[in-house]
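Please find below a colleague's note on the structure you asked to have reviewed. The sequence and model come first, and the numbered points come after them.

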Amino acid sequence: MHEQQLVVRTPTPDYDGFLAYISSVKDQFLKKLEHEKATVFIITHHDADGISAGAIMALALKRQGVPFQARVVKQISAKYIGDIVTAKKQPGDAPPQDDSEPEKFFVFTDFGSGQLDFLGKNVKRDRVLILDHHEIEDVKDKAILSDMLHVNPWLFGINGSLEISGAGVAYMFAKAMDPANAVLAPMAITGALGDIQDKGDKTSLTGMNRIIVDDAKNLKLVSEAIDLKVFGRYSRPIHLALSFTTDPFLPGLSGDETACMNFVQRLRIPAKQANSEKPRTVSDLTKEEKSTLVSAIIEWSLKHGMSSTMIKNLIGNIYVLENEDLSTNLKDLREFASVLNSCGRLGYGGIGLAIAMGDRKEIFAEGQHAITEYRKRIANYMDWVQTTGAIKKRDNLQVLEGAAYIDDAMIGTLLSMLLTSRHVSIEMPLIGWATLKDDPETVKVSARSVQDLVDKGLNLGTAIRDVLKEIDVDSPGGGHAPAAGVEIPMAKLDKFLKALGKKIAVQLQSNGSTPPTPKKTQSWI
Ligand code: C5P
Ligand code: ZN
């Protein structure tokens with residue numbers, strides 16, 4: 001086993017070391033597959049990054065001629081993957097496999113590094129490959145680290161929250177398997193955008209993601225440009241593209257088709273194409289029209305209380321799939337990510353996987369229902385939050401009590417959206433919880449914060465993990481500094497939130513920042 005696996009973090013990023021390590025793990029992986037003639041089970045996370053990562057590995061294995069199955073799940077725990085990882089003997093089962101029989105080999109993409117202990121206890125360690133970018137769980141049993149094939153940028157001091165996504169790690173691995181897999185670069189970009197890694201200048205991708213963007217551009221698969229970041233640039237009438245735009249959230253426009261229709265009409269921008277009933281899209285606008293639209297949105301947003309930092313995000317780098325049809329909502333890779341996210345979080349991960357792998361026929365059409373349904377639900381939730389006062393202030397954090405109303409798989413996305421809207425304080429982290437549909441005694445907790453607090457020392461992933469230990473809850477939780485989650489018993493929720501508030505104060509204080517308090521002028525829902 002490569003000794004780097006025992007080093008959890010190096011102080012400075014070692015990019016060459018990481019790539020060399022990927023190549024050595026790839027050799028070990030292929031050797032094991034050849035030797036054991038295993039069927040590979042790809043198990044991947046249910047968000048856009050996870051689905052992109054799963055699709056990349058599926059296509060790479062297909063090219064390699066390795067049989068595989070794939071599953072998209074919420075998280076790694078006995079509840080979601082117990083049936084496949086722990087082969088419990090049932091009455092009437094065939095006798096146990098002997099050594100010559102093909103075995104399962106598990107590839108975990110976009111999670112795994114935070115669930116090492118669970119995997120170490122429940123899966124044959126020599127039949128696991130983890131391709132992840134989440135922060136790495138500190139395990140007591142250090143043998144787990146050396147027994148499993150585990151690829152993660154944090155092992156080489158590379159920031160997995162900002163520089164490379166789960167799909168990016170899967171892509172680097174796939175490219176090491178076969179350079180021809182460079183054609184999968186667009187899906188790695190989709191994953192990075194889905195995980196909001198576009199934190200470079202003008203919402204660009206940076207760090208290792210740049211290597212991937214360059215691969216995609218060199219192959220003429222993706223183009224990059226600075227443009228107005230509306231949703232539906234190529235596929236929707238102008239007013240609908242505006243109303244569908246939620247990142248940033250445009251107060252008084254996002255989600256309100258009539259307001260957007262009036263807004264565009266006032267600008268006297270023709271809504272239909274010349275001599276035709278066909279609606280024009282934002283991509284059809286002339287330079288002058290685009291500049292009129294941009295100025296008007298900026299003026300409106302300032303008037304409606306949006307911060308200038310948020311407004312700046314309206315214009316930025318866009319990543320466009322060159323060979324995608326204009327009519328699909330996949331041409332802009334941020335929209336592609338949104339389609340995959342909708343499928344995954346609504347429980348149609350298989351549909352998302354098929355679309356990410358290239359289906360543009362029946363399955364693609366089914367995916368369109370998912371995105372419509374998802375947007376409808378998010379809009380209802382936004383209304384609900386604003387009308388019910390479901391956000392409560394606690395020490396050092398604010399809490400959205402989604403209870404049984406909000407779908408546990410969507411609470412995280414809703415929090416992100418609330419933070420980009422002006423309705424919620426960005427001075428402190430936003431935590432949300434919702435009960436699980438099939439188990440009301442368990443709650444899904446999600447946590448989100450703006451980058452500013454992360455720069456001041458906040459790390460929600462480690463905060464959640466530390467609190468779980470402190471209050472003695474055995475559940476795999478964590479994530480990234482600005483976004484993390486966990487499932488815990490309802491009975492422990494209050495204790496959890498109290499301890500989390502304290503932990504957040506400590507993180508910010510030890511960095512010399514004052515703990516978060518909302519400004520008096522802040523508007524609360
Ligand atoms: O579930 P949610 O959207 O809130 O997750 C936010 C981040 O935290 C994601 O990157 C997810 O992978 C991570 N997470 C985790 N372990 C969990 C739940 C979420 O690592 N149990
Ligand atoms: Zn991810």
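1. Basis. This is a predicted model, in which local features need pLDDT of at least 70, side-chain atom pairs count only at pLDDT 80 or more, and totals for chains, interfaces and linings use all residues. Residues are numbered from 1 along each chain as its sequence is written, chains are lettered from A and ligands numbered from 1 in the order in which they are written, and side-chain values use heavy atoms, with hydrogens and water left out.

2. Zinc site. Asp 49 (OD), Asp 110 (OD), His 133 (NE2) and Asp 195 (OD) coordinate the zinc ion (ligand 2) at 2.1 to 2.3 Å. Donors are N, O and S atoms within 2.8 Å of the metal (3.2 Å for Na, K and Ca); water is not among the atoms, so sites may look incomplete. The angles subtended by the four donor atoms run from 85 to 170°, which makes the arrangement irregular. Four donors count as tetrahedral if all angles lie between 85 and 135 degrees; four count as square planar and six as octahedral if opposite donors are over 155 degrees apart and all others between 65 and 115; anything else is irregular.

3. Origin of the donors. Along the chain the donors follow the spacing D-x60-D-x22-H-x61-D. Distant parts of the chain are linked by the pair Asp 49, in helix α2, and Asp 110, in the loop between β3 and α4, 61 residues apart. Asp 49 and Asp 110 are both buried (under 20% relative accessible area; exposed is over 50%, partly exposed in between; 1.4 Å probe, protein chains only). Helices (H or I, at least four residues) and strands (E, at least two) are DSSP runs, numbered from the N terminus.

4. Nonpolar cores. A nonpolar core is a set of buried Ala, Val, Leu, Ile, Met, Phe, Trp, Tyr and Cys residues joined through side-chain atoms within 4.5 Å. The largest has 116 residues, of which Phe 29, Phe 108 and Leu 400 touch the most other members. Helix α2 (residues 48–64) gives the most to this core, with ten residues. Another core, of 27 residues, lies apart from it and includes Val 443 and Leu 453.

5. Parallel strands. Strand β3 (residues 104–109) pairs with β4 in the parallel sense over four bridges, and Phe 108 has Ile 130 as its bridge partner in β4. Two strands pair if DSSP finds at least two bridges between them. β4 also pairs in the parallel sense with strand β5 (residues 149–151), over three bridges; there the bridge partner of Ile 130 is His 150. From strand β4 (residues 128–131), Val 128 and Ile 130 point one way, Leu 129 and Leu 131 the other way, and all are buried.

6. Helix α14. Is this helix (residues 349–356) enclosed or open? Seven of its eight residues are buried, so α14 is largely enclosed by the rest of the structure. Its buried residues pack against α2, β2 (68–73), α7 (185–194), α13 (333–345) and α15 (362–388), contact meaning heavy atoms within 4.5 Å.

7. Mixed sheet. Six strands form an open sheet with mixed pairing, in the order β8-β9-β10-β11-β13-β12. β8 (391–394) and β12 (478–479) stand at the edges with a single partner strand each, so one side of each is left without a neighbour in the sheet. Lys 393 has its place in strand β8 and, at 47% relative accessibility, counts as partly exposed.
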